[in-house]
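Please look over the sequence and the model shown here before reading on. The paragraphs that follow go from the whole chain to a few of its contacts.

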Amino acid sequence: MKKDKIFPSFIYIFGPVVRYILVSELVYALMGFLWNERLQEMILQGKGTVAFSHVLQTVWAYLCIIIPAAAGCLAVVRDAWIERTAFPNGQRKRQLAALSRVNEWKAVRDERAGRDRSGRGFPFFLVYTAAQDKISRRVVSLLLPCAVFLSLGINVLASCSVPDSVPQISQGTLTGISGILVQALCYCIFMPYVEETVFRAVLYPRLQRGFGTGWAVFGSAVLFGVYHGNPVQAVYALVLGIVFAGAYEVFGRFELPFALHGMCNLSVLGLQWSGTYESVCTPAWAAVFLGAAACGVYTISVIIRKEINEA
């Protein structure tokens, strides 16, 4: 990257993320001002009951999450549309190039009769084989539970190591099915969609064009972790961000990282809703969850290597 193009390239790559953060923070500040100067006094001193006032405060708290994020997402919606439209073509070209290298390796392997080595020299390129129609459904069906177990394992391990590091989502005065439904819509559908739009649909392809696939996967995951603020949550978001970006690169569909993100959030919230989260916050359960994720990853690698060797 030439020196005279560094700054324009920096703006092009990171501009949408900065725009999203600035717009969302500005809207959040405006909503805070509106609450402190107008709504709080109206609600607390209104004619409604105390319980109704608490309900309005809870609803406002959720709106303070949803509205700023929605405003920030709207600020980058044009960039997201352009990148999501163009990404499959570039992903397909990278996949074909990678598979051609795999075919070259297989030719060398057959000449040397070294079938037992099954692609150890090309781990990054071989992963594109997972996108082939023959095995993509099997890989995706395993990838979803792998991501869920990984999410649970990291959260439980963090709770064991650093108490109160994992935020306990409170339903406030929205109890029962209404509280669960609002949380599910907010944290398992809306926020995953917004964050995946910013960090995977927009940021990842631009990093990929500027620095290559490997750095783009890692870089987008790092920024995704930094965005979460809390150090423990940053590590959690970093690890899962690598999974989300890798899934987007391999399969080329935005729906997959969005679904992975939503399912990971849902798994943690499900334990909190059921009241069993604290009971599983032990090193033994962390080992079980992480071990299940590792077994799933190993199974995926076996499926891919078997497909390559039988090709």
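How many helices and how many strands does the protein chain have? The protein chain has ten helices and zero strands, where helices (H or I, at least four residues) and strands (E, at least two) are DSSP runs, numbered from the N terminus. This is a predicted model, in which local features need pLDDT of at least 70 and side-chain atom pairs count only at pLDDT 80 or more, while totals for chains, interfaces and linings use all residues. Residues are numbered from 1 along each chain as its sequence is written, and side-chain values use heavy atoms, with hydrogens and water left out.

Of the 311 residues in the protein chain, 42% are buried; here buried means under 20% relative accessible area, exposed means over 50%, and partly exposed lies in between (1.4 Å probe, protein chains only). Among the contacts with a separation of 6 or more, 79% come from residues 24 or more positions apart, a contact being heavy atoms within 4.5 Å.

Such pairings across the sequence can be followed from helix α1 (residues 6-44), where Ile13 is found. Ile13 is buried, with a relative accessible area of 4%, and, when residues up to four places away in sequence are not counted, Ile13 touches Leu203, Arg206, Leu207 and Phe211. From C-alpha to C-alpha, Ile13 and Arg209 are 9.3 Å apart in space, although 196 residues apart in sequence. Val77, by contrast, has its place in helix α3 and is partly exposed, with a relative accessible area of 44%; Val77 and Thr197 are 120 residues apart in sequence and 8.2 Å apart in space, C-alpha to C-alpha.

Helix α7 (residues 213-227) and helix α8 (residues 231-251) pack at an angle of about 140 degrees, with their axes 7 Å apart; the axes are lines fitted to C-alpha atoms, for helices over the stretch in contact, and angles run from 0 to 180 degrees between N-to-C directions. The residues of this contact include Val217, Phe224 and Gly225 of α7 and Leu238, Gly241 and Phe244 of α8. The contact of α7 with α8 divides into eleven nonpolar, five polar and one charged residue, where Ala, Val, Leu, Ile, Met, Phe, Trp, Tyr, Cys and Pro count as nonpolar, Asp, Glu, Lys and Arg as charged, and the others, Gly among them, as polar. Within α7, the buried residues include Val217, Ser220, Ala221 and Phe224, and just after α7, Gly229 takes a positive phi of about 80 degrees.

What does a search of the whole structure find among the aromatic rings? The search finds 14 aromatic pairs, in which rings of Phe, Tyr and Trp (its six-membered ring) have centres within 6.5 Å, and planes under 30 degrees apart count as stacked, over 60 as edge-to-face and the rest as tilted. Phe87 and Tyr248 form a stacked pair, 4.2 Å centre to centre with 10 degrees between the planes. Because Phe87 lies in helix α3 (residues 77-112) and Tyr248 in helix α8, the pair ties together parts that are 161 residues apart in sequence. Elsewhere, ring pairs link Tyr20, Phe199, Phe224 and Tyr227 into a cluster.
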